[in-house]
Amino acid sequence: MEIKQLYFNSNELVIAFSNGDIRQFDTREYFKDSVNLLVLPQRRRRVDISATQLHWPKVPGQTLLWRETNLWDCELTLSAEQLYQHSQPISANDLERVNCYLVHKNIAPTKEDAKHHVLYAMLYPFNDPCFLFGESIHGGMGDRGGATWLSVEEIMAKDYWRQHLLQADGEWLYRLIVDYGTQTDKLIGHIMTHISQHTI
């Protein structure tokens, strides 16, 4: 049994295995009788990925407290077999909802709002198109803005979307989109790898 691809989702990990199964690993269930070392998304997403295991290393000099435990001081390794054993099948409907934020930045003050003007890009790896770009202006009950689904070709066709990513500190994402274009599986794999190595 090997790990073919890891996908980050809101409260769990979604894993494609070498036997063709795609399963969800819910950290809340795995750690139900102990402190959930992966309870916070930034800890969950900082992981070394290989075909045989997922390894969450210690990150010296950082503090991320959860129930009096600094999660960055903790280390965890789960083999592909353990991940498969402690995961569950995921339905087609739930697959379509798998998503993660790639970039998310408040660029205020702008002419639109002095305090809240958030740009973001999300990945829905099992959707076509798989990118959702949006902005939130003002926030709360008076929020303005919106979001739109985009294909790789649409992102590359308009400089507006490149600027959207650059303003949101997403130059890395635009570079991957340019490099891998419509090679969707490779593109998503490199995006997940980048997130796993650059989340603090």
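His-164 sits in helix 6; helices here are DSSP runs of H or I with at least four residues, strands are E runs of at least two, and both are numbered from the N terminus. Is His-164 buried or exposed? With 6% relative accessibility, His-164 counts as buried, where buried means under 20% relative accessible area, exposed over 50%, and partly exposed in between (1.4 Å probe, protein chains only).

A quick note before you click on. You're looking at a predicted model, where local features need pLDDT of at least 70, side-chain atom pairs count only at pLDDT 80 or more, and totals for chains, interfaces and linings use all residues. Residues are numbered from 1 along each chain as its sequence is written, and side-chain values use heavy atoms, with hydrogens and water left out.

The axes of helix 6 and helix 7 come within 7 Å and cross at roughly 140°; axes are lines fitted to C-alpha atoms, for helices over the stretch in contact, and angles run from 0 to 180 degrees between N-to-C directions. The two helices are therefore oblique to each other (under 35 degrees counts as roughly parallel, over 145 as roughly antiparallel, 65 to 115 as roughly perpendicular, and the rest as oblique). To see the contact, pick Arg-162, Leu-165 and Leu-166 of helix 6, then Glu-171, Leu-173, Tyr-174 and Ile-177 of helix 7.

Step back to the loop between helix 6 and helix 7, where you'll find Asp-169. Its phi is near 60°, a positive value in a residue other than glycine. For another one, go to Glu-68, with phi near 70°, in the loop between strand 6 (65–66) and strand 7 (69–70). At 82% relative accessibility, Glu-68 counts as exposed.

Next, the largest pocket. Select Arg-45, Tyr-101, Leu-102, Val-103, Asp-169, Trp-172, His-194, Ile-195, His-198 and Thr-199 to show its lining. Strand 10 and helix 8 are the elements that give two or more residues to that lining. The pocket holds about 230 Å³ of space. On a 1 Å grid over the protein atoms alone, a pocket is an open set of points with protein on both sides within 12 Å along at least five of seven lines, a cavity is a set where a 1.4 Å probe fits but cannot get out, and lining residues have an atom within 4 Å of a point. Points are joined across faces, edges and corners, and a volume is the space filled by probe spheres set on them.

For the largest cavity, select Leu-37, Leu-38, Arg-43, Trp-56, Leu-71, Cys-74, Glu-75 and Leu-76. About 30 Å³ of space lies inside.

Last stop: two prolines. The peptide bond from Ala-108 to Pro-109 is cis, with omega near 5°, and Pro-109 lies in the loop between strand 10 and strand 11. The bond from Asp-128 to Pro-129 is cis too, with omega near 0°; look for Pro-129 in the loop between strand 11 and strand 12.

Methods: Contact = heavy atoms within 4.5 Å.
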